[in-house]
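I opened my notebook for a friendly first look around a new structure. Here is what I looked up, entry by entry.

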Amino acid sequence: MAGIDERKIVFDKGDIVRNGAALHIDQGIAVTSHASQAKTIDQVIVSVPVRAFSQVNEAQFYVSMSRARSAMHVFTDSKMALRDAVIRPSKRLSSWEVANGAEVERAFKLKLDRQRAKAQEEQRERTYER
C-alpha cells in the first residue's frame, strides 16, 4: 500500500480504491483493535486519522501494533498529535471519578494560587523592609 486518506486508498502499483465505491473488505483483513486482541498476523496496517484521536490511548495503540509478527505500518495525518494521543493513559473512569477528579483539580489549583499569592506578599514585605 502506498497511501491512504479519507477519500481513497492507493496501492503500490497505482491502483486506487475510492470510498463509496462498493468496497468490501473481508473480516480478518480489516478488524478493530478490540477484535484483534489475542490474534497474531504477519503484517499490521493501522490508520489513525486526527479525527479518531479521541478514541486513541496507550492500551488501544499497544493492542493494535503488537499483533504483527514481522511488520507494522501506521498511517496518520499528524505524527506529533498521534504521539500525544498514544501516551494518554487508558484508565477507564466512572462519571463519579471524572467529576471527583475535576473537583480535586480545582481544589489543587486554588491551593496553588493561594500559595503563590502568599509567596508574592512575603516577597513584597521583604522588599519594603529593606
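Entry 1: I began with arginine 69, which counts as exposed at 56% relative accessibility. My cut-offs were these: buried is under 20% relative accessible area, exposed is over 50%, and partly exposed is in between, with a 1.4 Å probe and protein chains only. Before going on, I noted that this is a predicted model, where local features need pLDDT of at least 70 and side-chain atom pairs count only at pLDDT 80 or more, while totals for chains, interfaces and linings use all residues. I also noted that residues are numbered from 1 along each chain as its sequence is written, and that side-chain values use heavy atoms, with hydrogens and water left out.

Which side chain does arginine 69 meet in a salt bridge? I found aspartate 42, at 2.8 Å from N to O. For a salt bridge I required a side-chain nitrogen of Lys or Arg within 4 Å of a carboxyl oxygen of Asp or Glu. Aspartate 42 lies in strand β4 (residues 41–47) and arginine 69 in strand β5, so this pair ties together parts that are 27 residues apart in sequence. Helices (H or I, at least four residues) and strands (E, at least two) are DSSP runs, numbered from the N terminus. Aspartate 42 is partly exposed, at 47%.

**Entry 2: the other salt bridges.** I counted four salt bridges by this rule. One of them joins aspartate 113 to arginine 116, with the closest N and O atoms 3.9 Å apart. Both residues sit in helix α3 (residues 95–129), three residues apart, about one turn of the helix. I also looked up arginine 124 and glutamate 121, whose side chains meet at 3.7 Å, N to O. This pair, too, lies in α3, three residues apart. Arginine 124 is partly exposed at 39%, and glutamate 121 is partly exposed at 37%.

**Entry 3: an arginine without a bridge.** Is arginine 67 buried or exposed? I found it buried, with no salt bridge; the nearest side chain of opposite charge is aspartate 42, 13 Å away. For charge, I took Lys and Arg as positive and Asp and Glu as negative, leaving out His and the chain ends. Arginine 67 is placed in the loop between α1 and β5. Not counting residues up to four places away in sequence, it touches Ser36, Gln37, Ala38, Lys39, Thr40, Ile41 and Val44. Contact here means heavy atoms within 4.5 Å.

**Entry 4: two strands side by side.** I saw that β4 and β5 pair in the parallel sense over six bridges; strands pair if DSSP finds at least two bridges between them. From β4 the chain crosses through α1 to β5, a right-handed β-α-β crossover. Right-handed means that, with the strands pointing away from the viewer, the path from the first strand over the helix to the second runs clockwise.

Within β5 (residues 68–75) I stopped at valine 74. Valine 74 is partly exposed at 34%, and leaving aside neighbours within four places in sequence, it contacts Val46, Phe61, Met65 and Leu82.

Entry 5: Which residues of helix α2 (residues 79–86) are buried? I listed Leu82, Ala85 and Val86. They lie on the same side of α2, because they cover an arc of only 90 degrees around the axis, taken from the directions from the helix axis to the C-beta atoms. The buried residues of α2 pack against α1 (58–65) and β5.
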